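Subject: Structure for your files

Hello,

Here is the structure we spoke of, with sequence and coordinates together. My notes come after it.

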Amino acid sequence: MSSPFKPQQEAERVLAAIVESSEDAIIAKSLDGTILAWNSSAERMYGYTAGEMIGRNIGVIIPPDRPTELQDIATRLSRGERVQHFETLRIAKDGRRVEVSLSVSPIKDASGAVVGASTVARDITVKNSRIRQLADSEERLRSIVEAAVDGIIVIDDRGVIEAVNPGAERLFGYAAAEVCGQNVNMLMPEPYHSEHDRYMRHYLETGEQRIIGIGREVTAMRKDGSTFPVHLSVGEMSLDGRRKFTGILHDLTARVAMEERLREQAALVRLGEMAAVIAHEVKNPLAAVRGAIQVIGKRLPVGSREATVVTDIIARIDTLNNLVRDLLLFARPPQPHPLPADVRAVLTTTIELLRADEAHAGVRVTMAGEAPPIMADVELLKIVFVNLLINSAQAMKGQGDITIDISADAHLCHIVMTDTGPGVPPEVRARLFTPFVTTKSRGTGLGLSTVRRLLEAHHGDIRVDSPDTGGARVRVALPLA
Amino acid sequence: MTKNSSPPRVLVVDDEALIRWSLAELFTDVGYDVTEASDGASALTQVSDGEAFDAIVLDYRLPDSNDLLLLEQIRILQPQAAVVMMTAFGTPEITAGALKLGAVRVVAKPFDVHDMVNLVAQAHGFKPH
């Protein structure tokens, strides 16, 4: 088969065809930047035809804010270097900025001297915009993960922590650096701590899902060793051919506390029903025994040993009756009928009641401040204050000072009672309002529990602490009228 | 009001025998003529058939009565009688209801029997012996 072209011509023609058909813009220029060749992709990319550009300086498409770029490239070329994948901007004829990746090679003459340069420019505008979209999307995901209140923990297939979010740092009290690279079982109490590796192996071997895709309530352990309930859901993913697991932990502390409170309230309702029955069934026979023993006592010789014993029996019956009364008051507190009331007047009455009892003769009570009228059932409020004052008086063993300070803000009246007693140790403080828990050798442990129930029925609040200055401080808040 | 010639009459209504006994003993001691009833039905018989009472001590809860209906009937049949109610577990509602129906006082069980006798006597203007 014969060809109409000489081999040299043939090679040039093929080369020209390649250049013309290239997706990339291919431009040849002399050392001073004069354009010698401009293929059709260059026409497409920059909007100038070859006719417009050949003979013109390449500077036409270089942004004015990059004046030295051409010179820099020329310098590198003159040293015989190639410039590879140099990412920059060019200006198209219509002013559009084109993101390009340039590969520039020197053109040498027969003697090997550099006489010009050939540039292959690839339009990377689309590619870059995709990269930016990806980065944006990743940033969005990252900010969701970072902002999540829930803890998010990524582990590998051996249970080693790879990443944790700030939510997890907050939940557990660890910094990310402290946990990354550690076995995730460090965040679990026993028996899960010891069993977790086995759980994971079991899953990897059998594929049996116990938690993945199901989620369940588990117990987690903070850095300080305290535990808390969480809902854990686990997702599985494959990254670079390795299995990873993402755990999302939702703190259930508040919910569990609320459930506990609801259970307590339900128990109180049952206790209230029981107390009402007991109260009746106990008070009736108490009344019978008390009445009969009083009649019998009246017939005994005055001053006799028997008459004294009868008096003692009656006192015991009254103690028993008070116990039933306290239980009833706690378990079934009367519904308050709140009316506007002067808290200072209620306190004054209460203080007088305390003073009437000789056992508290050594207790000095001072009161300062005032407040606008509060909304309260005065009779119930007296029970509250009597209980608090007697508690303080007993804590001070009948000797000391109680200071009462009354103040108010926009919605609440604050009554602060501070005594000079031994104060309330933190371990007692936690159980202060638990019914039937008492630190006294005799007592039902119902006083403060009842006080709190009565205050809650008033939409009020009570807190007890020990200030640095010593003693116990009781802070009561009640809504203003 | 008590007739000067005859002793005042009191009706003690309670299903608890010891309460009836204690009150009967003390009322008798201070000069009362005491009648006892252990349930609502016999109390009602006493107030409808018998002579007028000066005072009635009435338990809120009886085997056949657990509301204020009995008090209401007694007040209609013997409006002159001073009625003192006793209750082992009184709610503010019961107390208010009883006072509204004309009871002199609602006394919580257990109580001091001497105080009860004095209260009853005072309620109808009788000076105990």
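The notes below cover a sheet, a helix pair, the nonpolar cores and some backbone details.

This is a predicted model, in which local features need pLDDT of at least 70 and side-chain atom pairs count only at pLDDT 80 or more, while totals for chains, interfaces and linings use all residues. Residues are numbered from 1 along each chain as its sequence is written, chains are lettered from A and ligands numbered from 1 in the order in which they are written, and side-chain values use heavy atoms, with hydrogens and water left out.

The sheet

Chain A has an open sheet of five strands in the order 2-1-5-4-3, with antiparallel pairing. Helices (H or I, at least four residues) and strands (E, at least two) are DSSP runs, numbered from the N terminus, and two strands pair if DSSP finds at least two bridges between them. Strand 2 (35–38) and strand 3 (83–91) of chain A are at the edges with a single partner strand each, so one side of each has no neighbour in the sheet. From one strand to the next, the twist averages 30 degrees. Six bridges join strand 1 (residues 25–30) and strand 5 (residues 114–123) of chain A in the antiparallel sense; A:Ala28 has A:Ser118 in strand 5 as its bridge partner.

Two helices of chain A lie across strands of this chain. Helix 4 (residues 69–78) of chain A lies across strands 1, 3, 4 (97–108) and 5, at about 160 degrees to strand 3. Helix 5 (residues 125–147) of chain A lies across strands 3, 4 and 5, at about 130 degrees to strand 4. Axes are lines fitted to C-alpha atoms, for helices over the stretch in contact, and angles run from 0 to 180 degrees between N-to-C directions; contact means heavy atoms within 4.5 Å.

Helices 12 and 14

In chain A, the axes of helix 12 (residues 378–395) and helix 14 (residues 447–457) come within 9 Å and cross at roughly 145 degrees. Helix 12 contributes A:Leu380, A:Ile383, A:Val384, A:Asn387, A:Leu388 and A:Asn391 to the contact, and helix 14 contributes A:Gly447, A:Leu448, A:Val451, A:Leu454 and A:Leu455. Eight of the contact residues are nonpolar, three are polar and none is charged. Here Ala, Val, Leu, Ile, Met, Phe, Trp, Tyr, Cys and Pro count as nonpolar, Asp, Glu, Lys and Arg as charged, and the others, Gly among them, as polar.

The cores

A nonpolar core is a set of buried Ala, Val, Leu, Ile, Met, Phe, Trp, Tyr and Cys residues joined through side-chain atoms within 4.5 Å. Buried means under 20% relative accessible area, exposed over 50%, and partly exposed in between (1.4 Å probe, protein chains only). The largest core has 39 residues, of which A:Phe385, A:Leu388, A:Ile404 and A:Ile415 touch the most other members. Helix 12 of chain A gives the most to this core, seven residues. Apart from it lies another core of 24 residues, including B:Ile19, B:Phe27, B:Tyr32 and B:Val84.

Backbone details

The peptide bond from A:Glu190 to A:Pro191 is cis, with omega near 0 degrees; A:Pro191 is in the loop between helix 7 (176–179) and helix 8 (192–206) of chain A. B:Lys109 and B:Pro110 are also joined by a cis peptide bond, with omega about -5 degrees.

A:His85, in strand 3 of chain A, has a positive phi near 45 degrees and counts as exposed at 60% relative accessibility.

Regards
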